[in-house]
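Me: I have a model open on my screen and would like to learn how to read its features. Could you walk me through a few?

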Amino acid sequence: MKSEKQTDIGFFQKYLTVWVILCMVIGVLIGRFFPAIPVFMNQFEYAKVSIPMAVLIWLMIYPMMMKVDFQSIKNVGKNPKGLFVTWVTNWFIKPFTMYAIASLFFFVIFKAFISPDLATEYLAGAVLLGAAPCTAMVFVWSSLTKGNPAYTVVQVATNDLIILVAFVPIVKFLLGISNVAVPWDTLILSVVLFVVIPLVGGMLTRTLVIKKKGQEYFDNTFVNKFDGVTTIGLLLTLVLVFAFQGETIIRNPLHIVLIAVPLIIQTFLIFFIAYFAARLLKLPYSISAPAGMIGASNFFELSVAVAIALFGTSSAAALATTVGVLTEVPVMLILVKIANSTQKWFPKEETNHVTENKN
């Protein structure tokens, strides 16, 4: 990935919340007036995993994995403080603050509006979001905050590898203390399907294309061919999720707002934890801003996929992860503005930072 290249937020990403709302409307209308469609889709299932949903989720995740340069891992030893901030925030703080904040709101503050059963499933969805730090969109947030692209690649690559070993036990533990029964095999199968397979496929594709056509062709031409595929996969996935959620949303429209509140609070909290930690460590702004962004943002594609695999497409947990998609972009754009307006808090000159791996 070229360090010189700065990618502004695209039209689709910029208005992601609008598209999610449109998908919600279309999905609810399908579920309400064409119920035979979700019923038909439910027939295609294996090991509690919806085959149509799995295909759509692969369309979303596979192109993202191709963009991550895992060769950058060899640069981990250069200025590791920023990586420590990212790792500690994402894996030792974020999942547990998400659990605490979501529990407080769903079971205490919003007790009069949410039944205990629904609160438990909403909490499960929140936990899945909290245990999956962002991947692809971090490159956008890093660019908008003038982050160091090469260092961001290392942050994303290492987090993707940590997901392989940390996501399952963290989710199992937090859902276990919530009295949510989640079979190990189903959880592991979800990670294999929606992380391992796309990750390996993306790495192989990246290696083969670069070897045959070169780095410049891969960065500027090949990966761009999949932008539309990712968009279509995400939109169709959301339409299907909301088609299955139609009755729930019609009965409880206020719940969309109630779910969003703790998710938004969590996003701001995690950003400032990582951001101020980077400031205390006197890291340069170009490393500090992405460190805050990668923790604040979520790998919502993985969260939605696992929620569907564990609890079903029509579950309240799947709805909660989808609300995470709804709130993602507007909140992150606010954080981008906050970061850009506080650059003076950080050293201007970078020293000993991770340099780009040139192929």
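Reply: Gladly! Let's start with Trp58, which lies in helix H4; helices (H or I, at least four residues) are DSSP runs, numbered from the N terminus. This is a predicted model, where local features need pLDDT of at least 70, side-chain atom pairs count only at pLDDT 80 or more, and totals for chains, interfaces and linings use all residues. Residues are numbered from 1 along each chain as its sequence is written, and side-chain values use heavy atoms, leaving out hydrogens and water.

Me: Is Trp58 buried or exposed, or partly exposed?

Reply: Buried means under 20% relative accessible area, exposed over 50%, and partly exposed in between (1.4 Å probe, protein chains only). Trp58 has a relative accessible area of 31%, so Trp58 counts as partly exposed.

Me: And where is Thr267?

Reply: Thr267 sits in helix H13 (residues 254–280). With a relative accessible area of 10%, Thr267 is buried.

Me: Which residues is Thr267 in contact with, leaving aside its neighbours within four places in sequence?

Reply: Contact means heavy atoms within 4.5 Å. With those neighbours within four places in sequence left aside, Thr267 is in contact with Ala296, Val331, Met332 and Leu335.

Me: What about Phe226, again leaving aside neighbours within four places in sequence: which residues is Phe226 in contact with?

Reply: Phe226 is found in the loop between helix H10 (215–222) and helix H11 (227–244). Leaving aside its neighbours within four places in sequence, Phe226 is in contact with Tyr62, Pro63 and Met66. Phe226 and Met66 are 160 residues apart in sequence, yet 10.0 Å apart in space, C-alpha to C-alpha.

Note on methods: Helices (H or I, at least four residues) and strands (E, at least two) are DSSP runs, numbered from the N terminus.
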